[in-house]
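Subject: A structure for you to look at

Hello,

I am passing on a structure that you have not worked with before. Please open it first, and then read my notes below alongside it.

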Amino acid sequence: MNKPNFYNSDQQPEVIKKDLGKDIIAEANKDGTIYLDDDVPKDSKLGKEAIRHEKVHLDQMERGDLDYDDNYVYWKGEKYSRRNMNEGSKHLPWEKEAYKKEKG
């Protein structure tokens, strides 16, 4: 697992507006940026919560707990196939922390 060395949790990540497709609000990226769907205003409640949620994933990557590639998500040494995964599920271990902290 490779920890990103370009993200520092003390800094604010760059938030990039992008069309993320159906049912995707935001994504954390290994380069320390966050994509926020074009339809979600940054200053809206949903936008702020989504950014806080994705910042948790950036922190998880910085700690070395979370990593991913096209086929798998890696969480604390365990490998999870993305093939049939509902990636936003509140039941996934890396999502539990993010959902807990997104409300601020």
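**What I found**

The protein chain has an accessible surface of about 6800 Å², and 43% of this belongs to carbon and sulfur atoms (areas come from the Shrake-Rupley method with a 1.4 Å probe, and for residues only the protein chains shown count as cover). Please keep in mind that this is a predicted model, in which local features need pLDDT of at least 70 and side-chain atom pairs count only at pLDDT 80 or more, while totals for chains, interfaces and linings use all residues. Residues are numbered from 1 along each chain as its sequence is written, and side-chain values use heavy atoms, with hydrogens and water left out.

**The overall layout**

The secondary structure comes to 2 helices and 6 strands; helices (H or I, at least four residues) and strands (E, at least two) are DSSP runs, numbered from the N terminus. Along the sequence the pattern reads β-β-β-α-β-β-β-α. Of the 104 residues, 37% count as buried, where buried means under 20% relative accessible area, exposed over 50% and partly exposed in between, with a 1.4 Å probe and protein chains only. Among contacts with a separation of 6 or more, 42% are between residues 24 or more positions apart; a contact means heavy atoms within 4.5 Å.

Two strands pair if DSSP finds at least two bridges between them.

S1 and S3 run parallel and are joined by 4 bridges. Ile16 has Tyr35 in S3 as its bridge partner, and Lys18 stands opposite Asp37 in S3. S2 and S3 run antiparallel, with 3 bridges, and Ala26 is paired with Leu36 in S3. These two strands form a hairpin with 5 residues between them, and Gly32 in the turn has a positive phi of about 90°.

In a regular strand the side chains alternate between the two faces of the sheet. S3 is covered on both faces: Ile34 and Leu36 are buried on one side, Tyr35 and Asp37 on the other.

**The sheet S4-S5-S6**

The other three-strand open sheet has the order S4-S5-S6 and antiparallel pairing. Its edge strands are S4 and S6 (78-81), each pairing on one side only. Between S4 and S5 there are 3 bridges, and Tyr68 has Val73 in S5 as its bridge partner.

**The helices**

H1 covers residues 45-63 and reaches 27 Å from its first C-alpha to its last, close to the 27 Å expected at 1.5 Å a residue (the expected span is 1.5 Å times one less than the number of residues). H1 lies across S4 and S5, at about 95° to S4. H2 lies across S4, S5 and S6, at about 70° to S5. Just after H1, Gly64 takes a positive phi of about 90°.

The buried residues of H1 include Gly47, Ala50, Ile51, Leu58 and Met61. Met61 counts as buried because its relative accessibility is 3%. Met61 and Trp75 are 14 residues apart in sequence and 9.3 Å apart in space, C-alpha to C-alpha.

**The core**

Which residues have the most contacts inside the largest nonpolar core? They are Ile34, Leu36, Leu66 and Trp94, in a core of 16 residues. A nonpolar core is a set of buried Ala, Val, Leu, Ile, Met, Phe, Trp, Tyr and Cys residues joined through side-chain atoms within 4.5 Å. S2, S3, H1 and S5 each give two or more residues to this core, and H1 gives the most, with 4 residues.

Not counting residues up to four places away in sequence, Leu36 touches residues including Val15, Ile16, Ile25, Ala26, Pro41, Ala50 and Ile51.

Best wishes

Terms used. Axes are lines fitted to C-alpha atoms, for helices over the stretch in contact, and angles run from 0 to 180 degrees between N-to-C directions.
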